[in-house]
Amino acid sequence: MASFNQHRLDFIDYLKIEKNASPYTIKFYDGDIKVFLLFLKTEAVTTLKDVDYLVVRVFLTQLYDRNLSRRSVSRILSCLRSFYSYLEREGLVKLNPFLHVNLPKQATIIPSFFYEEELAKLFEVSDLSMPIGQRNQALLEVLYGTGIRVSECVGLKLSSIDFSIGTVLVLGKGRKERYVPFGEYAKVALEKYINHGRLELIQKSSNSDDYLFLNARGNPLTPRGVRYVLNKIVEDASSTVSIYPHKLRHTFATHLLNEGADLRTVQELLGHENLSSTQMYTHVTKDRLKQVYMDSHPRAHLSDK
């Protein structure tokens with residue numbers, strides 16, 4: 001199995017160096033390949049070249065026997081398809097046995113989002129006279145006002161913000177850069193935080209980096225820290241709604257589409273590589289359109305008369 005593991009390590013290096021894959025992606029790809037290599041060992045398959053469509057079908061059956069979700073099975077198959085595509089390009093195998101294996105159909109998942117009334121309460125609880133309150137308000141405004149991922153948010157630096165044109169430079173997946181605009185509320189919150197609260201926080205640390213969002217000790221805020229901050233905001237608002245960074249991203253996209261933004265624009269703002277990733281939000285907007293229709297059209301309901 002030594003050669004198998006070497007191929008795995010070479011592929012992981014390829015993902016890191018050439019594809020600029022995120023640590024999250026690399027972690028799952030590596031784990032999925034290890035699962036497959038362990039399966040090959042139990043099936044006495046000694047070389048990657050010996051993997052054919054029949055072997056893949058047996059592997060797929062075992063995945064379903066483990067009661068994995070369709071999403072997990074799809075992820076594993078997609079990973080192995082990419083792995084074998086890499087092996088094929090390197091001349092290590094002649095054919096990709098995963099190429100014609102159909103991925104399981106995914107259940108339609110409608111992303112959860114905040115209604116405007118729910119969201120409004122969250123913007124009213126931070127103590128704007130305190131550095132932490134200023135930071136929390138700016139964080140909330142940026143996450144909702146730009147729709148960026150939490151990993152992108154904690155990576156923002158002071159130099160990422162251009163107040164003259166109201167945009168933030170975001171480093172997204174695959175280290176791809178994109179400019180995302182922000183509105184007046186985010187601008188006001190950011191200026192207050194940067195000019196006051198952040199200056200107080202940075203004095204508590206010897207950190208010379210210009211990261212935008214800092215924790216109470218003056219160090220860069222982490223993704224876990226962002227989740228803690230958001231949960232604290234919900235707690236202070238005495239709200240029963242659940243919150244997580246991606247829910248604000250869902251809300252950003254949903255509100256834009258509900259107000260008439262086109263799908264391509266939202267795709268670009270979110271930094272989605274494929275339009276299909278953005279299309280999941282159309283399920284929400286269809287529900288919204290139907291509700292508006294049923295509430296507004298004179299002949300949407302039968303008369304009681």
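Analyst: Asn136 touches Ser126, Val229 and Ile233, where residues up to four places away in sequence are not counted and contact means heavy atoms within 4.5 Å. Asn136 sits in helix H6; helices (H or I, at least four residues) and strands (E, at least two) are DSSP runs, numbered from the N terminus. With a relative accessible area of 11%, Asn136 is buried, a class that means under 20% relative accessible area, against over 50% for exposed and in between for partly exposed (1.4 Å probe, protein chains only).

This is a predicted model, in which local features need pLDDT of at least 70 and side-chain atom pairs count only at pLDDT 80 or more, while totals for chains, interfaces and linings use all residues. Residues are numbered from 1 along each chain as its sequence is written, and side-chain values use heavy atoms, with hydrogens and water left out.

Ile233, one of the contacts of Asn136, is also in contact with Leu122. Leaving aside neighbours within four places in sequence, the contacts of Leu122 are Phe114, Leu140, Ile233, Val234, Ala237 and Ile243. In the largest nonpolar core, which has 46 residues, Leu122 and Phe213 touch the most other members. Such a core is a set of buried Ala, Val, Leu, Ile, Met, Phe, Trp, Tyr and Cys residues joined through side-chain atoms within 4.5 Å. At least two residues of this core come from each of helix H5 (116–122), helix H6 (131–146), helix H7 (150–154), strand E2 (167–171), helix H8 (184–202), helix H9 (223–236), helix H10 (245–258) and helix H11 (263–270). The most is given by H8, with 6 residues. A second, separate core has 32 residues, among them Tyr29, Val45, Val55 and Phe59.

Val241 belongs to the loop between H9 and H10. Not counting residues up to four places away in sequence, Val241 touches Phe114, Glu118 and Val234. Phe114 and Val234 are also among the contacts of Leu122.

Asn20 is not a glycine, yet has a positive phi of about 50°; the residue is found in the loop between helix H1 (2–17) and helix H2 (23–42). Asn20 counts as partly exposed, at 30% relative accessibility. Ala44, likewise a residue other than glycine, has a positive phi near 60° and lies in the loop between H2 and helix H3 (53–65). Its relative accessible area of 61% makes Ala44 exposed.

As for cysteines, Cys79 counts as buried at 0% relative accessibility, and Cys153 is buried at 1%. The structure holds 0 disulfides, a disulfide being a pair of cysteine sulfur atoms within 2.5 Å.

For the whole protein chain, the secondary structure comes to 13 helices and 3 strands. Of its 305 residues, 41% count as buried. Along the principal axes, the C-alpha trace spans about 75 × 65 × 35 Å. Among contacts between residues at least 6 apart in sequence, 56% join residues at least 24 apart.
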